[in-house]
2 protein chains.
Amino acid sequence: MGMGRPREFDAETALDQAMEVFWRHGYEGATIAQLTEAMGINPPSLYACFGNKEGLLKAALDRYTKLRGVWMDEVVAAPTAREVAERMLTGIADRQTDPANPPGCLLVQGGIACGTGSESVPFELATRRAQNEDQLRDRFVRAKAEGDLKPTSDPAALARYVSAVSVGMGVMASSGSDREALQQVASVAVQAVEAQSADGK
Amino acid sequence: MGMGRPREFDAETALDQAMEVFWRHGYEGATIAQLTEAMGINPPSLYACFGNKEGLLKAALDRYTKLRGVWMDEVVAAPTAREVAERMLTGIADRQTDPANPPGCLLVQGGIACGTGSESVPFELATRRAQNEDQLRDRFVRAKAEGDLKPTSDPAALARYVSAVSVGMGVMASSGSDREALQQVASVAVQAVEAQSADGK
DNA sequence: CCAGATATGTAGTGTTCGCTACAGATGTGG
DNA sequence: CCACATCTGTAGCGAACACTACATATCTGG
């Protein structure tokens, strides 16, 4: 028994194109026609490879969070909580206004609200954002244990805060805010982390 | 010439119901069927009164921002920049988790991204958020002039920052974060404004 | 009570959506 | 070269969408 005709497109390349469409238009705003055109394939190929529209989104999210995870590892590798926050927020400002990608963050742009029948999409995005927050929290827990953060500080609250600012910056970026505006936000936001640092700066 | 049959529903009451549907499902996620059912009317009445779906959204946004404006006036009436930020952010935490409303903020939930043909919706929401930011900025400009904020502080950046945190909290609320979690974020966020206050607290 | 004007409920319209049946193309194992 | 398996393109499926035609009902002005 043979192995069948091989597929004529590269799945990861196609996924990158799909990711960009979801990123720009959101889950519900992206149509199969737009996706297939961007991916350079026809609907049957899409469904054979990814199951359905939601499966394609999840695959795109996997790819997005994988790429982002590499960067996040660098972020939490910073020596102090303050520098973690600074790397994170200034990096967010740069990345979310990088003309190579759609503005904002796929985990926000993808869909905060969805119609009946797609309630799992916002949940899926929220789960991925929460993973990011967890990674930050773990890093801040360590910072507190190391005496880098004040003994009175709340690492979980700090992580939630940095995560919230990141999300807010993503919305601003998608609404047209430029890199400079986001850098200003990052600059102010870091000061709240400084206030929780043992050396106060 | 007569004045015709009077409408049998109250426009503002119906608008409140429509606002809640948009708030919960977003612009694209909300269907005319859901809207008319919530409003207790039939499609022709909706179109006669509001023009089309986008007109209904704008009317709902007008009502939302009007109600919110009353509260914002109280916020900026606080005596110091720090207290303005505190009232704003703790109030956001309370309001966005108020069980009387859908979670989050209509200006965020309404739609960050939209499909082709509805690009004006995200723009409309962004414009309303910008108005809020302008109001904050004006207040912080005054605070700086009054010596309440440091001479080196940037009122526009501070306003952008508070606005960004508010938006981030809105996304968190819609993803299931409870009041306490948002209050923690608010509590941390205020410290950045404190750092820009002349008395440092 | 009548004529004009506006609102209402029923029952659709055309379009677009996500998705797929099907036939032909292209590969592998024997 | 043949049976089989998988992919590809065309063409279109049923459902849901925003929106509306139309007949009927309810008002005002005369």
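Mentor: Here is that surface, followed by a few points on the chains around it.

This is a predicted model, in which local features need pLDDT of at least 70, side-chain atom pairs count only at pLDDT 80 or more, and totals for chains, interfaces and linings use all residues. Residues are numbered from 1 along each chain as its sequence is written, chains are lettered from A and ligands numbered from 1 in the order in which they are written, and side-chain values use heavy atoms, with hydrogens and water left out.

Start with DNA strand C. It is surrounded by 25 residues, the closest being I32(A), K53(A), R5(B), E8(B) and S45(B). A residue is near the strand if one of its heavy atoms lies within 4 Å of it. Of the atoms of DNA strand C that come within 4 Å of the protein, 68% belong to sugar and phosphate.

Now the polar contacts, meaning pairs of N or O atoms within 3.5 Å; within protein, one must be able to donate a hydrogen and the other to accept it, and residues adjacent in sequence count only if both atoms are side-chain atoms. K53(A) uses its side chain: an N or O atom there is 2.8 Å from a phosphate oxygen of DNA strand C. I32(A) uses its backbone, with an N or O atom 2.9 Å from a phosphate oxygen.

Helices here are DSSP runs (H or I, at least four residues; strands are E, at least two), numbered from the N terminus. The largest share, three residues, comes from α3(A).

What about R7(A)? R7(A) sits in the segment before α1 (11-25) of chain A. Its relative accessible area is 53%, so it counts as exposed. The cut-offs are under 20% for buried, over 50% for exposed and partly exposed in between, with a 1.4 Å probe and protein chains only. R7(A) and S45(A) are 38 residues apart in sequence, yet 8.3 Å apart in space, C-alpha to C-alpha. C49(A) is partly exposed, at 23% relative accessibility.

Last, the two chains together. In chain B, 36 residues are in contact with 36 residues of chain A, where contact means heavy atoms within 4.5 Å.
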